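I set out to record what I looked up in this structure.

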Amino acid sequence: MSKEKEQTQGTPISRRNFLKGVGTGAVAASVAPTVLVGAETAAEAQMGDKITRAEIKLNINGKTYEVEVESRTTLLSVLRDGIDTGGERVDLTGAKSICDRGECGGCTVQVGGKAVYSCMTLALEAEGKEITTVEGLANGEQLHPVQEAFVQHDALMCGFCTPGFVVAAKSLLDQNPSPSHEEIKEGLAGNICRCGTYPFIFEAVKTASRKIGG
Ligand code: FES
Ligand code: FES
């Protein structure tokens, strides 16, 4: 399986390989930040590549946010709770913090066009890449075809998993505009719906596929 496939939900992948693809957060802790700030002690200052805090710019839904993060700060944490250095809250709470350990897909967003678990992605990893959350899919009042199809098929009950599924489905269709039933099941295998709305979700993806694929 290609590396591309391992890192996306937009292609037929197994849940195991999806997890492998997004489980690179710890490695990325060595990524050099844009700005290092606040080394608090001489010992920390001498730690070289051990990052304490950094100011980074994140492009989220076409808007640039400058945020201060620690090397361990996840993208999900910035999206939900981050505060721009100008004092503006990022406040994008569509991505859900459910398991917070790469098991449910509720936090799925796109980074650089690929679906990732934002709870398993360091904010530092996302710098310089286009980040798209569920809030960024609609065009003004016009819902994305995947969102429309979820509404049309009533593909949710409690709705907690829905933002993750919508982004995962969008990513799947970006990669494969006309997936088969099996490809949809496999492409969404990294997301869990505890309410069991899978049949409706799969139908919604097929409807969106027809709309997008023509
Ligand atoms: S909250 Fe990220 S995978 Fe569950
Ligand atoms: S609709 Fe409730 S978890 Fe999916």
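I began with terms: contact means heavy atoms within 4.5 Å, and helices (H or I, at least four residues) and strands (E, at least two) are DSSP runs, numbered from the N terminus.

I noted that this is a predicted model, in which local features need pLDDT of at least 70 and side-chain atom pairs count only at pLDDT 80 or more, while totals for chains, interfaces and linings use all residues. Residues are numbered from 1 along each chain as its sequence is written, chains are lettered from A and ligands numbered from 1 in the order in which they are written, and side-chain values use heavy atoms, with hydrogens and water left out.

**Entry: α6 and α9**

I looked up which residues of α6 meet α9. From α6 they are P145, V146, E148, A149, F150 and Q152, and their partners in α9 are I201, A204, T207, A208, K211 and I212. I sorted the residues of this contact into 8 nonpolar, 2 polar and 2 charged (Ala, Val, Leu, Ile, Met, Phe, Trp, Tyr, Cys and Pro count as nonpolar, Asp, Glu, Lys and Arg as charged, and the others, Gly among them, as polar).

Helix α6 covers residues 145-152, and its axis comes within 8 Å of that of α9, crossing at roughly 135 degrees. Axes are lines fitted to C-alpha atoms, for helices over the stretch in contact, and angles run from 0 to 180 degrees between N-to-C directions.

**Entry: α7 and α9**

I found helix α7 (residues 162-175) packed on α9 at an angle of about 40 degrees, with the axes 11 Å apart. That angle makes α7 oblique to α9. In α7, F165, A169, L172 and L173 meet Y198, I201, V205, A208, S209 and I212 of α9.

**Entry: T197**

I located T197 in the loop between α8 (181-187) and α9 (198-213). Is T197 buried or exposed? T197 is buried, at 2% relative accessibility (buried means under 20% relative accessible area, exposed over 50%, partly exposed in between, with a 1.4 Å probe and protein chains only). Not counting residues up to four places away in sequence, T197 touches A155, L156 and M157.

**Entry: cysteines**

I found 0 disulfides (pairs of cysteine sulfur atoms within 2.5 Å). C99 is buried at 19% relative accessible area, whereas C195 is partly exposed at 33%.

Note on methods:
Angles under 35 degrees count as roughly parallel, over 145 as roughly antiparallel, 65 to 115 as roughly perpendicular and the rest as oblique.
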